[in-house]
Amino acid sequence: MKFLSSRRLVTGALALLCAGSLSVLPARAAEGTRQFIESFGSKLVAIVNSQVSLSEKKARVLPLIQQDVDIDAIGRYCLGRYWKLATPEQQKQYLGLFHEVLVNAITDKLGDYRGVSFTIGAITKSGDDDSVEATLIRPQQPPASMQWIVGHAGGSPKVVDVVGEGASLRLTQRQDYSSYIARNGGNIDALLSALKRQIEHHSAPAAN
C-alpha cells in the first residue's frame, strides 16, 4: 500500500506546488477563493523557483501546506467509515501519521519538475465547495487536466481535494485504505502499522 502512488495522484500533488502559475480567475469565482489561490500560489511558486537547496524548499513549503491544505479533513475522509469505528487514540495516531505521509508525498515532488505552468477554465460550485478547473502544462509532455476543490467549512478557504484524470485524490485513497483494512480483518491498527512502515521507509535513505 502506497500513498499517492499512481501517476494521476502524483500529478494532483504537483498541482498543490504550482498554484501560483494559475491565470486570473473568472469574475464569477468566489472572492475568498480567488484571494486564497493567489496568496497560497504566489508563496509556493516563489519557493519552488528559488535557488535554495531542496531541503530548504521543503522546510519553507511545510508551514504553507499545514496552513492552507485541510489535512485533517482529507484524512478523516480517507479513513471513511472506519473513522467512526476507530478509538479516540487511534484517530489521533492516524491523523498524525496521515499528516506526515501526505506532506512527504507533496514535498517529494519539489525537485522533480521544471517550467510547469497552469491555465484556468470554469470555476463552479461542488456542493459547498468551489471546483476550479485547471490544465497543467508540462514541458515535452501532454497537458494534464484537473480540478482543485477548495472548501470553506472551517470559515476560511482550504484545499480539500485534487481531481486528476477523473480520479479524486481523497476518494482513491479512501478506497485503498478501506481495502487494506478489510484485507486485514477490519483491523485499523494494521493500517496504522503500514503507515508507520511507509514513513520509516521514506526516512531510511536520509539516515544512511
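This is a predicted model: local features need pLDDT of at least 70, side-chain atom pairs count only at pLDDT 80 or more; totals for chains, interfaces and linings use all residues.

Reader: How many bridges join β4 and β5, then?
Author: Strand β5, residues 167–168, pairs with β4 in the antiparallel sense over two bridges. In β5, S168 stands opposite V163.

Reader: Which residue takes a positive phi in that hairpin?
Author: E165 does, with a phi near 55°; the hairpin of β4 and β5 has two residues between the strands.

Reader: And what about β3 and β4: in which sense do they pair?
Author: The sense is antiparallel, over six bridges, with β3 spanning residues 144–151. V159 in β4 stands opposite V150. Their hairpin has six residues between the strands, and there G155 takes a positive phi near 100°.

Reader: Is β4 mostly covered or exposed?
Author: Strand β4, residues 158–164, is mostly covered, as six of its seven residues are buried.

Reader: Turning to helices, which residues of α4 are buried?
Author: In α4, residues 71–79, the buried ones are I71, I74, G75, C78 and L79. They lie on the same side of α4, because they cover an arc of only 130° around the axis. Just after this helix, G80 takes a positive phi of about 60°.

Reader: How many residues does the largest nonpolar core have?
Author: That core has 43 residues, and F40, Y94, F98 and L191 have the most contacts inside it.

Reader: Which helix gives the largest share of this core?
Author: Helix α6, residues 88–107, does, with eight residues.

Definitions and conventions. Residues are numbered from 1 along each chain as its sequence is written. Side-chain values use heavy atoms; hydrogens and water are left out. A nonpolar core is a set of buried Ala, Val, Leu, Ile, Met, Phe, Trp, Tyr and Cys residues joined through side-chain atoms within 4.5 Å. Buried means under 20% relative accessible area, exposed over 50%, partly exposed in between (1.4 Å probe, protein chains only). Helices (H or I, at least four residues) and strands (E, at least two) are DSSP runs, numbered from the N terminus. Two strands pair if DSSP finds at least two bridges between them. The arc is that of the directions from the helix axis to the C-beta atoms.
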